[in-house]
Amino acid sequence: MTDYLEITTRKLDLEEITQLVNLPECGAISVFIGTTRNNMNGKLVKRLEYEAYNNMAIKEMKKICDQIRLKWSDIRNIAIFHRIGEVQVQQSSIIIAISSPHRKDSLEAVDYCINEFKRTVPIWKKEWYDDSTYVWKENCECIHHEKKISTN
Amino acid sequence: MDSISIKVLFFGKARDLVGVGQKDVDILHSNLKANEFLEIIISKFPRLEEIKSSTKLSLNEEYVEMNDVLSLKSGDEIAVIPPISGG
């Protein structure tokens with residue numbers, strides 16, 4: 001049972017990442033691929049740039065893996081790869097691959113993993129539009145938006 | 001009393017507003033709340049006022065609550081973490 005966690009400027013390789021979690025006793029590898037969209041509220045996206053707080057991002061990814069293994073006991077390997085730097089439209093920004101003997105566990109775990117990732121992992125996306133403006137995006141599910149409903 | 005030197009990191013919009021990704025900041029007291037530390041940072045970089053209500057801080061790569069009292073020592077690393085957008 002291994003966690004493969006990486007933040008990289010390289011183009012993500014789906015085959016390489018799925019092979020990391022491929023094990024003889026596993027009948028399922030569930031994969032999520034996040035790709036970059038070409039439009040946001042009607043504006044044309046020219047390019048995207050991601051940046052990460054690398055060390056903390058890896059720590060937060062590891063916490064998600066630990067939670068997954070608590071919630072689903074039959075998970076084998078987990079791979080979470082996020083690309084940083086410039087990412088072209090339609091390219092992958094994140095690939096998550098999780099293996100398990102039976103599909104239900106890894107399918108559910110992948111869904112949990114991407115939701116938690118968007119909530120806690122310190123990575124930022126800057127969207128450049130064709131009118132040369134840009135916006136730092138915010139995930140609607142991110143931890144920052146939770147404090148407003150919590151009580152102190 | 002000697003001042004305490006904290007390594008402060010800025011990411012995303014915070015880095016845009018500050019103009020640098022990293023700055024050493026000296027503080028006089030080791031025990032202060034995260035939001036008090038943020039006020040000190042904002043006094044040095046007033047443009048951060050814009051994201052004050054939405055930002056979070058981390059201490060040595062762990063999130064802290066803004067009400068938490070931080071026990072700081074020289075060499076600690078605090079990051080200004082505006083809303084995230086990974087994935």
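A nonpolar core is, for these notes, a set of buried Ala, Val, Leu, Ile, Met, Phe, Trp, Tyr and Cys residues joined through side-chain atoms within 4.5 Å. Buried stands for under 20% relative accessible area, exposed for over 50%, and partly exposed for what falls in between (1.4 Å probe, protein chains only).

**Ground rules**

I am working from a predicted model, in which local features need pLDDT of at least 70 and side-chain atom pairs count only at pLDDT 80 or more, while totals for chains, interfaces and linings use all residues. Residues are numbered from 1 along each chain as its sequence is written, chains are lettered from A and ligands numbered from 1 in the order in which they are written, and side-chain values use heavy atoms, with hydrogens and water left out.

**Entry 1: the cores**

I looked up the largest nonpolar core, which has 26 residues. B:Phe10, B:Phe37, B:Leu48, B:Leu57 and B:Leu72 touch the most other members. I then noted the elements of chain B that each supply at least two residues of this core: strand 1 (4–10), helix 1 (12–18), strand 2 (22–27), helix 2 (34–44), strand 4 (56–59) and strand 7 (77–81). Helices (H or I, at least four residues) and strands (E, at least two) are DSSP runs, numbered from the N terminus. Helix 2 of chain B gives the most to the core, with five residues.

For background, nonpolar side chains tend to be buried together in soluble globular proteins.

I also checked the contacts of B:Phe10, taking contact as heavy atoms within 4.5 Å. Not counting residues up to four places away in sequence, B:Phe10 touches residues including B:Val18, B:Ile41, B:Phe45, B:Leu48 and B:Val80.

**Entry 2: helix 1 of chain A**

Which residues of helix 1 (residues 14–21) of chain A are buried? I found A:Ile17, A:Thr18 and A:Val21. Seen down the axis of helix 1 of chain A, these buried residues fall within an arc of 95°, so they line one face of the helix. The arc is taken from the directions from the helix axis to the C-beta atoms. An α-helix has 3.6 residues a turn, so residues three or four places apart point the same way. The cover over the buried residues of helix 1 of chain A includes strand 2 (28–35), strand 5 (78–83) and strand 7 (92–100) of chain A.

At the N-terminal end, A:Asp13 caps this helix, with a side-chain oxygen 3.1 Å from the backbone nitrogen of A:Glu15. A polar contact is a pair of N or O atoms within 3.5 Å; within protein, one must be able to donate a hydrogen and the other to accept it, and residues adjacent in sequence count only if both atoms are side-chain atoms.

**Entry 3: A:Ser99**

A:Ser99 lies in strand 7 of chain A and counts as buried at 0% relative accessibility. A polar atom of the A:Ser99 side chain lies 2.8 Å from the backbone oxygen of A:Val21.

**Entry 4: the annotated residues**

I looked up the UniProt annotation "binding site" (unreviewed entry), which covers A:His102, A:Arg103, A:Lys118, A:Lys125, A:Lys126 and A:Glu127. These residues span 26 residues in sequence, and the farthest two C-alpha atoms are 38.4 Å apart, so they do not all gather at one spot. The lining of the largest pocket includes A:Lys118, A:Lys125 and A:Glu127 of this group.

A:Lys118 lies in helix 3 (residues 103–120) of chain A and is partly exposed, at 22% relative accessibility. A:Lys118 touches residues of both chains, among them A:Asn139, A:Glu141, B:Ile84 and B:Gly86.

Is A:Glu127 buried or exposed? A:Glu127 is buried, with a relative accessible area of 2%, and lies in strand 8 (residues 123–129) of chain A. A polar contact of 2.7 Å joins its side chain to that of A:Tyr129.

**Entry 5: B:Ser85**

B:Ser85 sits in the segment after strand 7 of chain B and is buried, with a relative accessible area of 2%. I noted polar atoms of its side chain 2.7 Å from the backbone nitrogen of A:Lys125 and 2.9 Å from the backbone oxygen of A:Lys137. Leaving aside neighbours within four places in sequence, B:Ser85 is in contact with residues including A:Tyr50, A:Ile123, A:Trp124 and A:Glu138.

Definitions and conventions: UniProt positions are given in the numbering used here, feature names are shortened, and annotations may be inferred rather than shown by experiment. On a 1 Å grid over the protein atoms alone, a cavity is a set of points where a 1.4 Å probe fits but cannot get out, and a pocket is an open set with protein on both sides within 12 Å along at least five of seven lines; lining residues have an atom within 4 Å of a point.
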